[in-house]
Amino acid sequence: MNLRQSIRPNGLRLIVIPRLGTRTVAARFFVRAGSRYDGVQPGLAHFTEHLLFRGQTKFFADIEARGGELNAQTTREYLGLFTVTMGNDLPLALTLLSELVLRPEFSSANFLAEKLVIAGEIEQARDRSSVLYDHFQQQLWGAEHPFGRPVLGTPRGLAALELPHVEKFYRQRFVGGNAVLVICGDIDGPQAQSLVAEAFDELPAGPAQPPEALPETPRGSRGAQISRNTGRNYLLVGVPTGGLKHPDRSALQIIELAL
């Protein structure tokens, strides 16, 4: 795979992955703004993701009317915004992504409305199988560890969250040196540079903010059980393995599939 990397004047890292002959193009904007950076405000990163989209439903309509897709995700490490469109719609896709990133509507009305939405998400998550993964993380790291808290946040954390918390988080994290834009499709480097310059050079310059070292998980086996009246049983087991760059990574994935 012939990756082409460059750094924009504001520090934004651009990665272009040419795939000649493909009809679609994907663009993904990643920023180090995952839940590990929530600090004393559980759910802050996830709330920020929601508020970026609040009042921007026209963007979904613009993309979907052309057969494309627009979505977002918050993980423990990053916040990401994604589009997949036909190749000739890449200028539109990058424009819409930049509008979400650069011009969010952080109003009190939007903030309060989104609080209700996320409160419903937290409540619904209690009855989904994904609650097992949050419980697993809590058992692994501890309830107060940044990796042990649910990405969605908690009812208490949501109640304590205020709009200035989100605005400060956004200003600190959404800077060029702390973000990566990846474009994959039938596109060359110069064309991508031109489109990205038009869409994202307004992103404020700022330094990279790599994660601080966190305490390691306590060693030793432990377990927990969640009781639900669902008529179905789930078993989640985790064992220590190598990291993402470990040479045994592929072998571990095969073992996972076999199990």
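On one side of helix α7, Pro164, Lys168 and Arg171 are exposed, with exposed meaning over 50% relative accessible area, buried under 20% and partly exposed in between (1.4 Å probe, protein chains only). Helices here are DSSP runs of H or I with at least four residues, strands are runs of E with at least two, and both are numbered from the N terminus. The model is a predicted one, so local features need pLDDT of at least 70 and side-chain atom pairs count only at pLDDT 80 or more, while totals for chains, interfaces and linings use all residues. Residues are numbered from 1 along each chain as its sequence is written, and side-chain values use heavy atoms, with hydrogens and water left out.

Back to α7, which spans residues 163-173: its buried residues are Leu163, Val166, Phe169, Tyr170 and Arg173. They cover an arc of only 130° around the axis, so they sit on the same side of α7; the arc is taken from the directions that run from the helix axis to the C-beta atoms. Buried Arg173 also has its charged end over the ring of Tyr37, 3.9 Å from the ring centre. Arg36 lies over the face of Tyr37 as well, at 5.8 Å from the centre of the ring. For such a contact, NZ of Lys or CZ of Arg has to be within 6 Å of the ring centre and within 35 degrees of the ring normal.

Then there are the rings themselves. Rings of Phe, Tyr and Trp (its six-membered ring) pair if their centres lie within 6.5 Å, and planes under 30 degrees apart count as stacked, over 60 as edge-to-face and the rest as tilted. By this rule there are seven aromatic pairs. In one of them, the ring centres of Phe30 and Tyr78 are 5.1 Å apart with the planes at 85°, so the pair is edge-to-face. Phe30 belongs to strand β3 (residues 24-31) and Tyr78 to the loop between β4 (69-74) and β5 (79-86), so this pair ties together parts 48 residues apart in sequence. Phe30 is partly exposed at 21% relative accessibility, and Tyr78 is partly exposed too, at 27%. Ring pairs also bring in Phe82, making a cluster of Phe30, Tyr78 and Phe82.

Strand β5 also holds Gly80, which is buried with a relative accessible area of 0%. Between Gly80 and Ala179 there are 99 residues of sequence, but 9.6 Å in space, C-alpha to C-alpha. Pro190, in helix α8 (residues 189-200), is exposed at 65% relative accessible area. The C-alpha atom of Pro190 is 10.0 Å from that of Val16, with 174 residues separating the two along the chain.

On a 1 Å grid over the protein atoms alone, a cavity is a set of points where a 1.4 Å probe fits but cannot get out, and a pocket is an open set with protein on both sides within 12 Å along at least five of seven lines; lining residues have an atom within 4 Å of a point. Grid points are joined across faces, edges and corners, and a volume is the space filled by probe spheres set on the points.

The largest pocket takes up about 2200 Å³. Its lining has 46 residues, and closest to the centre are Phe136, Leu236, Val237, Gly238 and Val239. By class, the lining has 19 nonpolar, 17 polar and 10 charged residues, where Ala, Val, Leu, Ile, Met, Phe, Trp, Tyr, Cys and Pro count as nonpolar, Asp, Glu, Lys and Arg as charged, and the others, Gly among them, as polar. Gly238 sits in the loop between α8 and α9 and is partly exposed at 42%.

The second largest pocket has about 530 Å³. Of its 23 lining residues, Gln138, Pro150, Gly153, Thr154 and Pro155 are closest to the centre. Helices α4 (108-125), α5 and α6 (155-160) each supply at least two residues of this lining.

One cavity of 30 Å³ or more is present, and the largest cavity has a volume of about 50 Å³. Its lining includes Pro42, His46, Ile118, Gly153 and Thr154, with at least two residues each from α1 (44-53) and α4.
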